[in-house]
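This report sets out how the parts of one protein chain are arranged and joined. The sequence and the structure are shown first.

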Amino acid sequence: MYQGLIHRYRQYLPVSDKTPIVSLSEGNTPLIFSPKLSEKTGLKVYLKYEGLNPTGSFKDRGMTMAISKAAEKGAKIVMCASTGNTSASAAAYAARCGMKCCVLIPNGNIAMGKLAQAMIHHAQVIAIEGNFDNALDLVKDVTAKYPIELVNSINPFRIEGQKTAAFEVVEDLGDAPFFHAIPVGNAGNITAYWKGYNEFFALKKAKRLPKMLGFQAAGSAPIVLDHVVEDPHTVATAIKIGNPASWKSAVAARDDSNGVIDMVTDEEIMMAYELLASGDGVFCEPASAASVAGILKLAEQKYFKPFLGETVVCTLTGHGLKDPTNAMKCVKEPCVVKADIKIILKEIGL
Ligand SMILES: *Cc1c(COP(=O)(O)O)cnc(C)c1O
């Protein structure tokens, strides 16, 4: 029986017999081939669908590690700043092991599904009048002064857990892909994948390393612009971050892999988001679609021309059900008619 990623990859993770494993059977997510995106880009495109983790995002990979290590230390309270998914995940894992969870969120900037998750798992949610970066500064301050565990991705155990997604990709494909495309917010995840690929390469489980392709939203693209963005904006709230915590290691992943960190507009993100749902049957949240928007942009610029037929894995970081409000903005309201077969047939066009 699958028992979660710490159980599966224990030998590559900083855990011991003394670590109480707090797990919801996270990880082991599918790698879905996309014939349509492959045709569009000239590559073999695979989607790493992280929305199928227990709380609906890849954050669970890091959280099983961060909460297990907090429990090992005897922590009673954990705290995080969140654009939504970190709080949903922290709240669930804290509930599972009886810890208190405090979350700071930017007021009014959180998708409804994520807020509902944090609340139903009984986290204490405090909305601040400020953005994510302000919230993270406050959490760093509080956790430095009080015996509270910080479970944002600056917690190194988060990165350790998240690197297992790269392990799964290598095991599914039999090697690392040629390219790995990923949305970039705080840049913890691109850091984690790069670490995971390097570890499996060093162990000769992969014969090569991928080129890392990171994508920020154009309204919050500090790494691309090479300066802090004071007032980031984008429809993709999960990557609405002006001063990424793992900035340096994201740049290192880009440069060491001969990759690219680029930006995509909200329009490009929403196009990719709809295309994934309507063309591939895969529903992710807007931020997740930045990886696909990114490879479509690079394909248009002929970036892939020397690499046709190579493999690219796009991480889809979170589930579409997290953010029903944005989905409903892209579609027409359903029509309402009488419960009459003639009218129904006419509507269908029969
Ligand atoms: C957290 C998150 C991201 C950004 O990941 P980073 O590690 O902060 O770069 C992207 N998409 C979703 C859905 C997320 O929850």
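## Salt bridges

In this predicted model, Glu168 and Arg61 form a salt bridge in which the closest N and O atoms lie 2.9 Å apart. Between domain 1 and domain 2, the count of salt bridges is 3. Over the whole structure, the search finds 16 salt bridges.

A further salt bridge pairs Lys195 with Glu160, with 2.6 Å between the closest N and O atoms. This pair connects distant parts of the chain, since Lys195 belongs to helix H9 (residues 188-202) and Glu160 to helix H7, 35 residues apart.

## Division into domains

Domain 1 is made up of two segments, 5-57 and 157-329, while domain 2 covers 59-154. Taken over C-alpha atoms, the centres of domain 1 and domain 2 are separated by 22 Å.

## The interface between the domains

On the side of domain 1, 49 residues are in contact with domain 2, which contributes 36 residues in return. The size of an interface is often given as the accessible area lost when the parts come together. For domain 1 and domain 2 the buried area is about 3300 Å², and carbon and sulfur atoms account for 55% of it. Of the area that domain 1 buries against domain 2, Val22, Arg158 and Lys322 supply 24%, more than any other three residues.

Polar contacts also cross this interface: 23 residue pairs of domain 1 and domain 2 qualify, with both residues at pLDDT 80 or more. On the side of domain 1 that touches domain 2, the elements giving two or more residues are helix H1 (5-9), helix H7 (156-162), helix H8 (164-173) and helix H14 (324-329). The largest share of that side, 6 residues, is from H7. Sorted by class, the side of domain 1 that touches domain 2 holds 18 nonpolar, 19 polar and 12 charged residues.

## A parallel sheet

Strands of a sheet pair through backbone hydrogen bonds, either parallel or antiparallel. Here, 4 strands form an open sheet in the order E5-E4-E3-E6, and their pairing is parallel. Strand E5 (124-128) and strand E6 (149-150) are at the edges and have a single partner strand each, so one side of each lacks a neighbour in the sheet.

Strand E3 (residues 77-81) and strand E4 (residues 100-106) run parallel and are joined by 5 bridges. Opposite Val78 stands Cys101 in E4.

Conventions. Residues numbered from 1 in each chain as written. Predicted model: local features only at pLDDT ≥ 70, side-chain atom pairs only at ≥ 80, totals over all residues. Heavy atoms only, no water. Domains from an automatic or database assignment. Contact = heavy atoms within 4.5 Å. Buried area = accessible area lost by both parts, 1.4 Å probe. Salt bridge = Lys/Arg side-chain N within 4 Å of Asp/Glu carboxyl O. Polar contact = N/O pair within 3.5 Å; in protein donor to acceptor, adjacent residues only side chain to side chain. Nonpolar A, V, L, I, M, F, W, Y, C, P; charged D, E, K, R; others polar. Pairing = 2+ DSSP bridges.
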